[in-house]
Each structure stands twice: as structure tokens, then as C-alpha cells.
Amino acid sequence: MIKAYKLYSGEDGHSYFETGFVDENIVSSAEIIHFKETEPHSSYDWHRAPQVQYVLTLKGTLEFTTSLGDVFILKAGEILIATDISGHGHKWKLLDTDPWIRAYIIVKASEINFIKNNR
């Protein structure tokens with residue numbers, strides 16, 4: 001299974017994350033895919049996900065911070081599942097000298113493939 005982080009909004013409007021995996025045996029239908037590259041040392045202040053989406057990191061290491069200050073590190077080959085389309089949102093910053101190269105894959109919320117790590 002492939003490591004994943006799921007960002008979501010709680011009923012209190014704050015953003016939270018869970019660590020887990022996507023199951024490589026589950027097939028989901030993609031509605032849209034697009035690619036983006038961001039320069040090294042960049043950051044993006046507080047924002048919400050514009051829609052439910054997978055963010056596949058191809059290159060780069062980032063620090064994500066939730067609205068309550070919880071932090072996780074996203075590395076190349078890992079998947080961010082951004083579902084925090086309401087509330088306070090999250091922010092991120094690049095940690096290394098690589099650009100952030102990624103693919104955004106828009107899917108229906110009902111087709112999110114995520115298995116929470118209960119350890």
C-alpha cells in the first residue's frame with residue numbers, strides 16, 4: 001500500500017489530518033488531472049482545498065500545517081488526499097532545494113481510496 005495523508009475539516013471548522021494508505025487494488029474514476037510545479041523554498045499561506053482531490057507528489061518535500069498547528073511531512077511518492085474544502089484550511093512550505101512537482105487528480109468524494117493507519 002502507498003502512504004497517504006488525508007486532510008479534512010472537522011465540525012469545529014478546523015483542519016485535521018490522518019495518516020494511512022491508499023489501496024493499490026482499488027480503482028477510482030478520475031474526473032480531471034492537471035500538473036503543477038512550484039519553485040524551491042516556496043510556501044502557501046492558509047487556504048482550503050478547492051475541491052476534493054488527490055495530490056501526487058512526484059518531487060519535493062513539504063511541511064503541511066493544520067489550523068490547530070499539527071504538522072506532517074509529505075515526501076515524493078506519497079499522496080495527499082485534500083478534502084478540507086471548508087473551514088480554516090491548511091498551509092504548506094517546501095523544505096528542501098527541489099521544486100514541488102505534483103499531479104492533482106480530482107475525484108468524487110464518494111470514491112476516495114484511504115485506509116486509516118490505526119497504529
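Buried, as the word is used here, means under 20% relative accessible area, while exposed means over 50% and partly exposed lies in between. With that in hand, welcome to a short walk around this predicted model.

**The phenylalanines**

Let's begin with Phe64, which counts as buried because its relative accessibility is 1%. Phe72 is also buried, at 4% relative accessibility. Phe17, by contrast, is partly exposed, since its relative accessible area is 24%.

How do these rings sit against one another? A pair of aromatic rings is described by the distance of the centres and the angle of the planes. The model holds 8 aromatic pairs, and two of them are set out here.

| Pair | Centre to centre | Angle between planes | Arrangement |
|---|---|---|---|
| Phe17 and Phe72 | 4.6 Å | 45 degrees | tilted |
| Phe64 and Phe72 | 5.2 Å | 5 degrees | stacked |

The angle decides the label: planes under 30 degrees apart count as stacked, over 60 as edge-to-face and the rest as tilted. At 45 degrees, the planes of Phe17 and Phe72 therefore make a tilted pair.

Which parts of the chain does this pair tie together? Phe17 belongs to strand S2 (residues 15–22) and Phe72 to strand S7 (residues 71–75), so the contact links parts that are 55 residues apart in sequence.

Phe17, Phe64 and Phe72 also belong to one aromatic cluster, together with Tyr5, Tyr44, Trp92 and Trp100. Trp100 has a charged neighbour too: Arg102 lies over the face of its ring, 3.7 Å from the ring centre.

Phe72 and Leu74 make up its covered face, whereas Val71, Ile73 and Lys75 are on the uncovered one.

S7 runs antiparallel to strand S6 (residues 61–66), and 5 bridges join the two. Within this pairing, Leu62 stands opposite Leu74 in S7. S6 and S7 form a hairpin with 4 residues between them, and Gly69 in the turn has a positive phi of about 95 degrees.

**The seven-stranded sheet**

Elsewhere, you can trace an open sheet of 7 strands with mixed pairing, in the order S3-S10-S5-S8-S1-S2-S11. Its edge strands are S3 (30–38) and S11 (115–116), each of which pairs on one side only.

Which strand does S3 pair with, and how many bridges join them? The partner is strand S10 (residues 100–107), running antiparallel to S3 with 8 bridges between them.

Conventions
Residues are numbered from 1 along each chain as its sequence is written. This is a predicted model: local features need pLDDT of at least 70, side-chain atom pairs count only at pLDDT 80 or more; totals for chains, interfaces and linings use all residues. Side-chain values use heavy atoms; hydrogens and water are left out. Rings of Phe, Tyr and Trp (its six-membered ring) pair if their centres lie within 6.5 Å; planes under 30 degrees apart count as stacked, over 60 as edge-to-face and the rest as tilted. Buried means under 20% relative accessible area, exposed over 50%, partly exposed in between (1.4 Å probe, protein chains only). A charge sits over a ring if NZ of Lys or CZ of Arg is within 6 Å of the ring centre and within 35 degrees of the ring normal. Two strands pair if DSSP finds at least two bridges between them.
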